[in-house]
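Q: Please take a close look at the charged side-chain pairs and at what surrounds them. Where do they sit, and how does the rest of the fold relate to them?

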Amino acid sequence: MHVELKIDERVCTGCGACVDSCPTDVIRMREGKARAVYAGDCQGCFLCEFDCPVEAIRVHPRRYTDDEWRALLARLQRTCRFDPRL
């Protein structure tokens, strides 16, 4: 999934629930606050967002850029005989 992980450090209480719930080890505690240290590895499971007791975390789908979209279509055409015109 192509997602953006946002943590509002002003709201975060540093409880660590998100760190414990993240299956891909994306979030780490830094200076008493949760930080998305490896945000590019986020799989969009939403567990951190669901487990945050103060709603400091938001996981959002991220739109593909035009270049990313073209690269994805090219890869699908090569590997799956995908035709986007259908």
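A: Salt bridges and their setting

Asp 67 and Arg 70 both belong to helix α3 (residues 66–80), where three residues, about one turn of the helix, separate them. Helices and strands are DSSP runs numbered from the N terminus (helices H or I, at least four residues; strands E, at least two). The model is predicted: local features need pLDDT of at least 70, side-chain atom pairs count only at pLDDT 80 or more, and totals for chains, interfaces and linings use all residues. Residues are numbered from 1 along each chain as its sequence is written, and side-chain values use heavy atoms, with hydrogens and water left out.

An α-helix has 3.6 residues a turn, so residues three or four places apart point the same way. The side chains of Asp 67 and Arg 70 meet in a salt bridge, with 2.9 Å from N to O. The term denotes a side-chain nitrogen of Lys or Arg within 4 Å of a carboxyl oxygen of Asp or Glu. Asp 67 counts as exposed because its relative accessibility is 57%; buried means under 20% relative accessible area, exposed over 50%, and partly exposed in between (1.4 Å probe, protein chains only). The helix that carries this pair, α3, has 15 residues and covers 21 Å from its first C-alpha to its last, close to the 21 Å expected at 1.5 Å a residue (the expected span is 1.5 Å times one less than the number of residues). Just after α3, Arg 81 adopts a positive phi of about 55°.

The structure holds eight salt bridges. Another of them joins Glu 31 to Arg 35, whose closest N and O atoms are 3.9 Å apart. Glu 31 is placed in the loop between β2 and β3 (33–36). With 77% relative accessibility, Glu 31 is exposed, whereas Arg 35, at 24%, is partly exposed. Glu 9, Glu 31 and Arg 35 are linked in a network of salt bridges.

A further salt bridge pairs Glu 55 with Arg 58, again with 3.9 Å between the closest N and O atoms. Here Glu 55 occupies the loop between α2 (47–51) and β4. Glu 55 is exposed at 56% relative accessibility, while Arg 58 is partly exposed at 34%. Most residues other than glycine have a negative phi, and most peptide bonds are trans. Phi of Glu 31, however, is positive, near 55°, and phi of Glu 55 is likewise positive, near 55°.

Val 26 is buried, at a relative accessible area of 1%. The C-alpha atoms of Val 26 and Ala 39 are separated by 5.8 Å, although the two are 13 residues apart along the chain.

Beyond residues up to four places away in sequence, the partners of Ile 57 include Leu 5, Ile 7, Ile 27, Cys 48, Glu 49 and Cys 52.

A search of the whole structure finds zero. The sulfur of Cys 52 is too far for a bond because its closest cysteine sulfur, in Cys 15, is 6.1 Å away. The sulfur of Cys 22 is 6.2 Å from that of Cys 45, its closest, which is also too far for a bond. Both cysteines are buried: Cys 52 at 13% relative accessibility and Cys 22 at a relative accessible area of 17%.

Finally, Ser 21 of helix α1 is buried at 14% relative accessibility. Leaving aside its neighbours within four places in sequence, Ser 21 is in contact with Leu 47, Cys 48 and Asp 51.

Conventions
A disulfide is a pair of cysteine sulfur atoms within 2.5 Å. Contact means heavy atoms within 4.5 Å.
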